[in-house]
Number of protein chains: 2
Amino acid sequence: MKFDPVRWDKGTLTIIDQTQLPTRLDYITLDTLDAVWDAIKQLKVRGAPAIGVCAAFGVLVGIQQRQPATLQAARHAVTVIADHLATTRPTAVNLFWALERMRTVSVSGSDDDAPTRYVEALEQEARALFEEDQALGLAIGKAGASLIPEGAGVLTHCNAGGLATSGHGTALSVMFQAQKAGRRFRVYADETRPLLQGARLTTWELQQAGIDVTLICDNMAAQVMREGKIDLVIVGADRVAANGDAANKIGTYGVAVLAKAHNIPFYVAIPRSTLDFSLPDGSSIPIEERAAEEITHGFGLQTAPDGVAVYNPAFDVTPAELITGIITESGILTPPFTESLNPSPPEQVAS
Amino acid sequence: MKFDPVRWDKGTLTIIDQTQLPTRLDYITLDTLDAVWDAIKQLKVRGAPAIGVCAAFGVLVGIQQRQPATLQAARHAVTVIADHLATTRPTAVNLFWALERMRTVSVSGSDDDAPTRYVEALEQEARALFEEDQALGLAIGKAGASLIPEGAGVLTHCNAGGLATSGHGTALSVMFQAQKAGRRFRVYADETRPLLQGARLTTWELQQAGIDVTLICDNMAAQVMREGKIDLVIVGADRVAANGDAANKIGTYGVAVLAKAHNIPFYVAIPRSTLDFSLPDGSSIPIEERAAEEITHGFGLQTAPDGVAVYNPAFDVTPAELITGIITESGILTPPFTESLNPSPPEQVAS
């Protein structure tokens, strides 16, 4: 890949400011906890896996800032920092999962010891998370690549690419691997209002990779399906419940309904860390609502009358019955997902 | 209504420049044929009925500019002007229908006579078109108003309001008349990418009328339906074929599929002049494709990478089987539309 959405180098956390893409590729340094919190909240870094990785390194940024003198103070600081970072975005489970991994890092020692070994262990855990995420993206891509035949038309929504993870992506990783296997195909990218992650990020990533991509508005998806241009849909997800219900960027549910109506298979690509077995189904996944101005003043220009009421849910839940398969690092899982998504997956990684 | 989208006063054609709404209510004078052509092409005036009325007056603007000296020259000028205005936008049938009415205006006299009476007859025809359009909008509203019960949630797409016609509108006229009958209800307005007619125009008109309106992005329609917020959908159309297939703003077809999937009735509101009996079904309705920049540089800001491929169909066709009823000045027509849309409708206007 030609870019690193999240980078940790000699104790410095750097990210691509994704709000500036595609016209500017700006790397920014996050050297305070506030800067990390703001970057996640403002979607400078976004995508469920990338948020998790950034938050894990964000714990280290917070520790560097606080300079706790003792092991006890450092443990307390991790709790406080993780609690704070957890308030950024409610829907993606990877955020909570990554912070939980940082919380459970432990080293032996008494409360008054210097925290040196503990901080090293925290850094090791964040790095492990980062590396696992890269490996998982690759495994997901390899698991799903055979779904895209030569000459296919693929629709995707929002951005589940290398920018949404720390490397290969999820839905886009499947496309990258299909390309690597020598197949040519065309991707239709929904622009994905209000924040246009499809227009700004997905088209950019696919262009960089030399994959044939066509941008459409969200409301054109039905038409391209009707014209026979789409053979399959692949999207990412921010949280998947135990029965396979999948929360993803607003509009995904509509795409799934349209795919069903046109007999087009609909796939969700995720690392297993996106699974939330604590939820039996999608009805209790918290759905973030965002500010009206994202819709009414989207790009510096007012496009709706003053004072108009706005409904701006950032996610929706696609029910499992609309999902043909879930592409994970363990292979392509098929319905019934309550069985195939079982909490103790086989160890092997499908190729 | 508090505004006139098209106005003809003492030989001067004035329109609201709808590209400036909702932040500015600018009336502009169209005093050359080029200005009329440009206003229709650039969607300064838009909506199938309003385009027809504007084009009819546009013929007069062209005649004023050319000042033909003889009846023969004036007849020739009308043909040339109408041919030119017909090249603005291909999908809406009202444009061609209105121009055809102007072409068929005739007065007796020899070729060398002064064209005074002919020009008067042309003006009379354009005025008649304008007045009929206003009356039709009111009749459509009255015909459909009973479909909206107290407390209902109504979804609409694009703008089929007073701005799209010369007064009451079509889909919005139904809402205005339901309100006039004393019922309160909530409208969800799709913003309607790429040109945001829903965000800019529909919310503005409904706000002006004191109707409760909530703006959503197009990709949120499925979610508000799933949340049980929508009891019916009402949209306009730009051309309806003999079997009821309805061409309307891109995204309408997707809304119709979603409505079907959620068991929500889907209505199309049109004047009968939108019917095109020359087409047995929607497959041969020409679909205008517009410039990529409407999507990639929509808000004055670049939101997609340089050189990305774009597909930008401006309309789609909703097949008759997804349409619960067609609201016309003759009442609410129900399937099978090949029968109910017969070319010789009963004379009475439903109330």
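Predicted model: local features only at pLDDT ≥ 70, side-chain atom pairs only at ≥ 80, totals over all residues.
Local features need pLDDT of at least 70, side-chain atom pairs count only at pLDDT 80 or more, and totals for chains, interfaces and linings use all residues, while side-chain values use heavy atoms, with hydrogens and water left out. Residues are numbered from 1 along each chain as its sequence is written, and chains are lettered from A in the order in which they are written.

- The same surface serves both copies, since 100% of the contact residues of chain A recur in chain B, where contact means heavy atoms within 4.5 Å.

**Domains of chain A**
- Chain A is assigned domain 1 (6–138) and domain 2 (142–340), with bounds that come from an automatic or database domain assignment.
- The centres of these two domains of chain A, taken over C-alpha atoms, are separated by 26 Å, and 28 residues of domain 1 are in contact with 34 residues of domain 2.

**Largest pocket**
- The largest pocket has a volume of about 440 Å³, a volume being the space filled by probe spheres set on grid points joined across faces, edges and corners.
- Its lining has 19 residues, of which Leu301(A), Thr19(B), Leu195(B), Arg200(B) and Gly298(B) are the closest to its centre.
- A pocket is an open set of points on a 1 Å grid over the protein atoms alone, where a 1.4 Å probe fits, with protein on both sides within 12 Å along at least five of seven lines, and lining residues have an atom within 4 Å of a point.

**Cysteines**
- The structure holds zero disulfides over all chains, a disulfide being a pair of cysteine sulfur atoms within 2.5 Å.
- The sulfur of Cys54(A) is 17 Å from the closest cysteine sulfur, in Cys158(A), which is too far for a bond.
- Cys54(A) is buried at 0% relative accessibility, where buried means under 20% relative accessible area, exposed over 50% and partly exposed in between (1.4 Å probe, protein chains only).
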